[in-house]
Amino acid sequence: MDLSRPVVMGVLNVTPDSFSDGGRFFCKDEALAQARLMVEQGAAIIDIGGESTRPGAAPVSEQEELDRVVPVIEALAGAIDAVVSVDTSTPAVMREAAAAGAGMINDVRALERPGALECVKNTALPVCLMHMQGQPESMQNNPLYQDVLNDVYTYLQARLEACGSAGIAPERIVLDPGFGFGKTLQHNLSLLKHLDQFTKLECPMLVGMSRKSMIGAVLDKPVAERLHGSVAAALIAVQSGAAIVRVHDVAPTVDALKVWSAVLESA
Ligand code: 9MG
C-alpha cells in the first residue's frame, strides 16, 4: 500500500445495525455497488465489517460474521482497484477473509482476542491495531483515564511490542487511537489536538471520526448532518500525520485531501 500521501478508507458495513447507515448496505448486491462507487470516488481501501462496533452494539456469532463478510470480500477482491480490508476481531474471520482475498485486517481490539496474534502472523497481511477502552456494549458508560493521551499511547506501544514478540513485523502495523471507543467528548478532542504525538510510534496512523458522536456533540447535529464536521476532522487528522482516514463520505473527503495536498506541494 502506498501511504506516501494520506489515503481514504471507505466504510462498508454489512450489518443491520451500524450507527450511521442503519444497515443500508446489508444486502450483498447493494454492498458491492456501494464499494464500487467509493472506489470511483477515490477510496484506496474499502473496510468491510460484519459486526457493528457502535456504542451499545451486541456481539454477533462467528458464523454470522463469516456469512456476512466473506461473500462480499470474495466478490470484491481483485475486482476493484483498492485494498479490501476486513473489520474484525475474530481469528476465524481474519483467516477466512484472508483466504477470500482481503488485503488488510482492521481490528478494533488490537489483536487481543485469543489466537488473533498467531492468526495475523500467519496471514502476512498488514493490520490496524486500534485502542478501545471496554467493549462496545458498555464502553461509553463513564470512560476514565489518568491521562488520555499517555494512556492510549502506552497501550498502542504495548500492542506494537506484543506483535513484535508474536513475529508480526512493525512494517505491517498501522496504529489507531480509536476515536469514540470508550472516550468522552473531551477525551476525543484532546486526542485530536495532540494526534501528532502518535507519529513518534513510527507506524502509519489510521483515524476514524466520520459521523461519530464527537462531531455530533460539537455541532449539536444528528448523524445525517455531520458531513462537513467529519471532513474538517479528517483534514485536521491528516495535517497531524494520519496516513489513512476511515470515512463514510468518500467523495468530499477525497476533494478536501486534494486541496490539502496541492497546498502542501506548492512552493
Ligand atoms: C470499525 N471501526 C469503527 N470506527 C473505527 C475507527 O475509528 N478506527 C478503526 N480502525 N476501525 C473502526
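**Exercise 1.** Determine which strands helix H9 lies across, and at what angle helix H9 runs to S1.

*Solution.* Begin with helix H9 (residues 250-265), which lies across strand S1 (7-13) and strand S8 (244-247). Next take the direction: helix H9 runs at about 170° to S1, where axes are lines fitted to C-alpha atoms, for helices over the stretch in contact (heavy atoms within 4.5 Å), and angles run from 0 to 180 degrees between N-to-C directions. Helices (H or I, at least four residues) and strands (E, at least two) are DSSP runs numbered from the N terminus.

This is a predicted model, in which local features need pLDDT of at least 70, side-chain atom pairs count only at pLDDT 80 or more, and totals for chains, interfaces and linings use all residues. Residues are numbered from 1 along each chain as its sequence is written, and side-chain values use heavy atoms, with hydrogens and water left out.

**Exercise 2.** Work out the strand order of the open sheet and name its edge strands.

*Solution.* The eight strands follow the order S6-S5-S4-S3-S2-S1-S8-S7, with parallel pairing; two strands pair if DSSP finds at least two bridges between them. Strand S6 (173-176) and strand S7 (206-207) each pair on one side only, which makes them the edge strands. Within the sheet, three bridges join strand S3 (residues 83-87) to strand S4 (residues 104-107), and Asp-87 has Asn-106 in S4 as its bridge partner.

**Exercise 3.** Locate Asn-142 and decide whether Asn-142 is buried or exposed.

*Solution.* Asn-142 lies in the loop between strand S5 (127-130) and helix H5 (148-165). Its relative accessibility is 59%, so Asn-142 counts as exposed, given that buried means under 20% relative accessible area, exposed over 50% and partly exposed in between (1.4 Å probe, protein chains only).
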